[in-house]
Amino acid sequence: MTAGKRILGAAVGALLMSSVSAYAETIKVGIIGPFSGPFALQGKNFQAGVEAYMALNGKSVKGHDIEVIYRDLPAANPAQSRALAQELVVKEKVQYLGGVYFTPDAMAITPLLAQANTPLVIFNAATSAIMNTSPLVVRTSFTTAQTTHPLGKIAFDEGVKKAITVVSDYGPGVDAENAFKKAFEAAGGQVTESIRMPMNTTDFSPIMQRVRDSGATGLFTFLPSGPPTLGFVKAFNETGLKQAGIKFYAPGDLTQESDLPALGAAAEGLKTSFHYAVSHDSPENKKFVEAATKAIGGADQLSFPSVGAYDGMHVIYKMIEATDGKQDAKKAVDAVKGLSWTSPRGPVRIEADTRHITQNIYLREVAKGADGKYINKEIQTFADQKDPGMPTQ
Amino acid sequence: MSDLFRVENLSKSFGGLAVSREISLSMGAGERLALIGPNGAGKTTFVNLVTGQIKPSAGRVVLNGEDVTGLGAVRRVRKGLVRTFQVTRLFSELTPEEHVTLTLLQREGKASRIFSRFRGNSAVADEAHDILGALGLHEVARRKVGQIAYGQQRLLEIAIALALKPKVLLLDEPAAGVPSADTPRIEQALERLPPSLAVLMIEHDMDLVFRFAKRVVVLAAGEIIFEGLPSEVAADPKVREAYLGNYANARSVA
Amino acid sequence: MQMTAQAGTVSAAPRAKRLWWRDVVGIALIAACGAAGYWLFPDNLALLTRIVAVALLVLSIDLIVGYCGVATLGQAALFGAGAYAAGIACVNGVTEPMTLIAIGAVAGAVAGLVMGAIMLRAHGLAQLVLSIAIVQLFHEAANKASAYTGGSDGLAGLMVSPLFGIFEFDLWGKTAYLMGLALLLLVFIALKFVVASPFGMLCRGIKQDPLRIRAMGAFVFPVLLKMFVISGAVAGMGGALAAISTQVVGLDSVSFELSANALVMLVLGGLGTLYGALIGTVIFMGFEHMVSAINPFHWMTMVGALLIAVVIAAPGGLSSLFERFSASRGGKA
Amino acid sequence: MQTILSIAIDALAFGMVLFIICIGLSLTMGLMRVVNLAHGAFAMIAGYIASYAARDLGLGYAVAIFLAIIGTIIISIPLERFLYRRIYGSPELTQVLMTIGITFCVIGITNYFFGPTLKTIPLPQALSQPVDVGFRTIAAHRLFVIACGAVVAGGLWYLIERTSFGIKLRATVDNAAMSDALGVRTQVVYAISFAIAIGLAALGGVVGAEFLPIEPYYALRYMVTFLVVVSVGGAGSIPGAVIACLLLGFIDTTGRYLMPEFGNFFFYAAVILIVCLFPRGFLGRAQ
C-alpha cells in the first residue's frame, strides 16, 4: 500500500516538475475536431477560426509562444476522442484542449480534465449537460436550446397558432424540439404534432406530406448541417408547402453559410435564428471574416463553427495571460469566469456559474447580399440570451 | 421384411420435368449392387434422393424397416445411410488423417466439443490409423489433401464413408477421373469393404461393374429399365436401346 | 506406383509438434509486443487500449468469417451490445471492472445468438445484407432507447471502481491497457484452443463445404450458431473493455462503419489464423493514427492507398507474407 | 386516395434514382462477380464533373450529363486496367478490401481538390419548376427521373436480351471458359460491361443529385443503401433490381410517412423479412 502511494507520489511529483519546466517555453494547445470525413467542413472552420485569431492577435501571449496541434476525429467516437485527448495531454504536453464537435466526444474528455490539470474549451458540442460533467469546461459556441428559444415567440407573433415540429432523431434534434415547444407554448401557441425522422433520411417528400396533412401553419425543423438540409429545403418548396404559405422556422444550422450556395433560391426567405451570421455587420466581424476567409481558402466555406473556434481561442489566450504559462487549470478557468468581450458575433460573456457563453441570438432571413450571393440577413436581435437548457443556481 | 434397405416408388420432378420416376429397389445386408445408365439417366439424382440432399416428390425410403423419407440428410447418415461423391468433396487444406478423425469424432458425438483437443482421443487416433492403413493411405495421412493424387482422394472418400460405420453405402462413381494405372487400388479397396455392408455402386466402368456387382440395375430417363444379373445386362434389348439407340429419343419419352 | 508419392512420412510426426511450438512462440510474441507497446509508447496508452478493444472485435469476426466462411458487416452489433450492457450496468452501480467484462461477454453472446439465428438463414450476399440490416436495427434501437443508452449524446458517467480495489482507471490509462492486454492474451489463448478443438475443425470443414460436413453426419446450423455465440462473447468483451476504458459509450460502437472498418482490418491482416486479426488491427489503426496526426485533413487517401497496395502485394492479407517468408525459408533449409 | 397517389409518385421517383445508380452495381456484382464498393464513388465523380460543367462553365444540363458520363468512364479506364483486373475472380473479401481502398482514395482526393462543401448541379428552367399533376404539384425533375429510370430499364433489357452483345455477355457470364473457346473475346466483354456499369452510375449520380447531394463523403454515405438494394433484387437481374428499387423505395417512403420515427426500423425489418423469404434476392440467379 505504502509503496503504491509512494509511486503515486512520485508520479504526481514528476507531473508537477514537468509543468514547472514547461514555464516560459512554448505553450501547446490541442484542438480536436472533424477534419476529415463527412463533417470535414466543420473541422476546417475550426481551423480557420483558430488561425484567424492567431493572425489577428499574434502567436504569443506574454512572451509565451503558442503552438496549436490538430487531431482528427472524423465522426462521433468517444473512445477515439479519449485516446486523442490523452495523447495530447500526456505525450504532446498540451496545456489547453479545445475544439470538439460532438457531444459524446466531449463527454469522453471531461472525466480526464481534473487529472490532466487541463481546461477544455468547447468550440461547438451543443448539449447543455456537458457543462455539468466537469468544472474545467468552458464553452464558446451555443446550445441548441439557446439558439432555438427565441423562435417560439417569433413564430407566435407572426400569427402561427398551430405548429408542427420536424427534427432529426438524435440528441440535438430532440433538444431543439423541446426548446421550441416550450417557448412556443409559453407564447400561447400549440404544437399539434412532433415528428422525429431518422438521421439518414434522404427523401423528405413523405415528411412534407405529413406536414401538409397536419394542417399546421408553421413548421419548425432541426437538421444537422450538411446534405440532408438541402433535400429538406428542396422538398419544402417542391411539394408546394412554401406556396401554400406555411411558415418555416429553424435554428441557423439549417442555413449555414457554406450550404447556401447549394441551397440557392430554394432557401430564399427562410427564417432562422442563430448566434452568428457571417454577414453580421460590425468592424470586429469584418476583420474576422477577412482573416478567416484567408485561412479557409474560400469565402463560401466559412460558417458558424469558425466563430466558436475564434472566441474559443480568445478564451484560451485569456487563460494563458492569467496563468502566465503555468499549468493551472482551475486558475485558468476562474480567470475567464465572467469575462466579457466583443466577439465577431456581437457582445458575449462567459457566465461565471455555467461557464457557458451568453450572447445575442439573431433572427435572420436568407436574402441576396450586395454581391448577389445569398446571405443570412439579420433582421431582429434578441440580446443577452443565456442557455435556457441550463438551470442557473 | 428382411430387406435392410428399400426404396419404394421414388419420384422427383423439377417443374414439369420428371427426373426420377417410380424407382423401387431393395437390398439386403452384404449385397453388392451396381446402378448403371447413360449420362443424364438420373443416377446422381437418385443418390441425392436416397440420402436426403433433395426431397422426393413421392415415394419412400426405408432403412432397417424404418421410414426415413421425412428425415434430413444428416439424420440419415446417422442411421447408417452413407454416400460418397462423384466429384470428390474434400477439404483441400486438411489432411486425410484430419478428415477421418473428424468423421470418427462426429460418429462418437464428440465433434462439436470445444474443451478437448482434436488429436486428444487415442481410441479415435488408433481407429483413424487403421482405416487409413487399410486403404493404403497411411503414407499420405498427414499431407494436405490438395497435394495428394486424385486416386488417393477417391480412396479418402471411401475412408470417410467407412469411418461412419454405415449399414448402406452408396458409391457415386468411385473410380471416376482416376488414371487407369490407379484403378486397381480402388478396386482392391472395394473388395475389402466389410462383408455385411450393403453397397450400391454407380459406375461407368463396365469391367469394374462386372467384377464387383452381383446384381445390376439399369436406369434410363429416370426409370428402371432392367434389373438382373450382370451377365444378362448386355443382351437386354431395352438396355441396348438406351445405350446405343438415339438416346435423345429415350429422353423425350418424358 | 505413382500414387504413393514419397516424402509423405517426412513431415508426419514433427508437424503437429511444430504447430504447437509455433503457437507458444506466437503468443509469447504477442505478449512481448504488448509489453513493448507499454514501454515504448507510455504516452499513448489510451490509443493502445482502443486498439486492444478493437482487436477483440476483429478476432471475433475472424471466428465467423475466417473459420466459418460467414461474411458479416454487422459485427459491431455484438461489440455494441457488450459495450452498452457494461455501460448500463456500470451506471446502475455495478462498477467492478472484471464483472463488467463478464457482463459484456454475456450480452455479446446473447446478441450473437440472436444475430446468428437470423443470419444463418441465408447465404452469401443475402447473408451480408442481413448482417447490415441487423446492425442498423441495433443502432436504431440504441438511438431510440435514449433513456437507457443516452442516445446520440452517448452514455456518459461511467464510474468504474479500481481494478482489484487498487488500480485506478485514470488519465494515463496504465490499468486499462494492462487489463486489456491481459484480457486479449487470455482470449487469444482460449481461442487458439477453440480453433484447435474438434469443434474448430468442424467449423473449418463447414467453411469449405457444408454439404460434405452434412454427408459426414454433422449438423451445420448448431455448430455455426455456437461459433456465433463464442464470437459474440469475444466481441462483447471488446465492447465492455472500450466502455470501461473510455467511460463513455457512443452510438459509434453499434455502427455499420465500425463493422466495416473491423472487417477491413481483418482482411488486411489475413483470414483464419487469428494472428492476421491482430496484425491487421495494429497495422490499420497504427497507420491511421500516424497519418491522421501528420495530416489531419487528407489522411484518408493514404489509408486507401495502403489497402490497395496490400491487395496488390499480398492478396491473402499481411499474415500471408509471413507464411510465404517462412515457406521460402523452409524450402531453402 | 390523394395521399396514396402522392406517396406512390414520391416512392416511384426515389425508387428510380436508386435503380439508375444501383443497376450498374447489380451488373458488376451479378455478371462480373466483382463486389465493387467503389460504385458510389463513380457516381460521385460524375456529380462533380456535372457540377463543374453546369455551374462553373455554365454549360447546359444535357451537355453536363453527357460530359459526366464520358468523363467518369474515361477516369474508370485506367482503374479498370490496373486495379480491377487484378481482382476479377478473387475472393469477395479481397475485392472488398481493394474497392474500399479505391473509395477512400477517391474521397480523399475529391476533398482535396473540391473541398468539403455540397455541390449542386443547376437544373434547367423546365425541370426546376413544380408541375401540377392533378392531385398535387410535383417537381418536374422527379418526372424526369422517373422517365430516365424507365428508359434505362428498357434500354438495358433490350441490350441484354435482344442484341448480339447481350448474347455474348450472357454466354460469358454463364461460362467464361466456354465462351472464350467459342471465340467470344471475354476480356472485351468485361471491359464493355464495366464501362456500361460505370456509365450508369454516372448517370444516376447526376440525375439523382437532387435526392443524394454531391459531397466527398457521398461514396461511403450511400454504400449500404446501394448494397442492400442490389442484394434484395438479386445481383445481375434487371427486373429484380426494378422490383427491389420500387419496393424498397415504396417501403421507405410509406414508412417515413406513416411513422417517421420508426422509418429505419421499418426499412431494415422489411429487408430482413425479404431476404429471409427470398435468400437469393427476388430474381437472383442460382449459384
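This is a predicted model: local features need pLDDT of at least 70, side-chain atom pairs count only at pLDDT 80 or more; totals for chains, interfaces and linings use all residues.
Trainee: Now chain D. Why is its radius of gyration said to agree with the globule rule?

Mentor: It's the rule for 287 residues, which gives a value near 19 Å; chain D has 19 Å, so the two agree. Its C-alpha atoms fill a box of roughly 60 × 50 × 35 Å along the principal axes. Buried residues make up 57% of chain D, and its secondary structure comes to 13 helices and 2 strands.

Trainee: Which parts of chain D are called "transmembrane region", and where does that name come from?

Mentor: The name comes from an unreviewed UniProt entry, which covers residues 6-27, 34-53, 59-84, 96-114, 139-160, 188-212, 224-250 and 262-283 of chain D. Bear in mind that such annotations may be inferred rather than shown by experiment.

Trainee: What does the model show over residues 96-114 of chain D?

Mentor: That span is 100% helix and 0% strand, with its end C-alpha atoms 26 Å apart. Residues 188-212 of chain D, another span on the UniProt list, come out as 80% helix and 0% strand, and the end C-alpha atoms there lie 32 Å apart.

Trainee: What makes two chains count as touching?

Mentor: Two residues are in contact if their C-beta atoms lie within 7 Å. By that test, 39 residues of chain D are in contact with 32 residues of chain C. On chain D's side, helix 3 (61-87), helix 4 (92-114), helix 11 (223-233) and helix 13 (263-277) each give two or more residues. Helix 4 of chain D gives the most, with 17 residues. By class, this side of chain D has 26 nonpolar, 10 polar and 3 charged residues.

Trainee: Which pair of chains shares the most contacts?

Mentor: Chains C and D do, out of the 4 pairs of chains in contact. Chain C also meets chain B: 31 residues of chain C are in contact with 35 residues of chain B. Helix 8 of chain C gives the most to the side of chain C that touches chain B, with 7 residues. That side of chain C divides into 16 nonpolar, 9 polar and 6 charged residues.

Trainee: Where do the C-alpha atoms of chain A and chain B come nearest, in Å?

Mentor: Their nearest C-alpha atoms are 33 Å apart, and the two chains do not touch. Chain B and chain D have no contact either; their closest C-alpha atoms lie 15 Å apart.

Trainee: Over in chain A, how do you know that strand 9 is mostly covered?

Mentor: Count its buried residues: 5 of the 5 in strand 9 (residues 218-222) pass. A:G218, A:F220 and A:F222 are buried on one side, and A:L219 and A:T221 on the other, which covers both faces.

Trainee: Which strands pair with strand 9 of chain A, and in what sense?

Mentor: Strand 7 (residues 162-168) of chain A pairs with strand 9 in the parallel sense over 5 bridges, and A:V167 has A:F222 as its bridge partner. Strand 10 (residues 247-251) of chain A also pairs with strand 9 in the parallel sense, over 3 bridges. There, A:L219 stands opposite A:F248.

Trainee: Why is the crossover from strand 9 to strand 10 of chain A called right-handed?

Mentor: The chain goes from strand 9 through helix 8 (residues 227-238) of chain A to strand 10. With the strands pointing away from the viewer, a clockwise path over the helix counts as right-handed, and this β-α-β crossover is right-handed.

Technical notes. Residues are numbered from 1 along each chain as its sequence is written. Chains are lettered from A and ligands numbered from 1 in the order in which they are written. Helices (H or I, at least four residues) and strands (E, at least two) are DSSP runs, numbered from the N terminus. Ala, Val, Leu, Ile, Met, Phe, Trp, Tyr, Cys and Pro count as nonpolar, Asp, Glu, Lys and Arg as charged, and the others, Gly among them, as polar. A residue is buried if 20 or more other C-beta atoms lie within 10 Å of its own, exposed if 12 or fewer, and partly exposed in between; C-beta atoms are placed from the backbone. Two strands pair if DSSP finds at least two bridges between them. The radius of gyration is taken over C-alpha atoms; the globule rule is 2.2 Å times the number of residues to the power 0.38.
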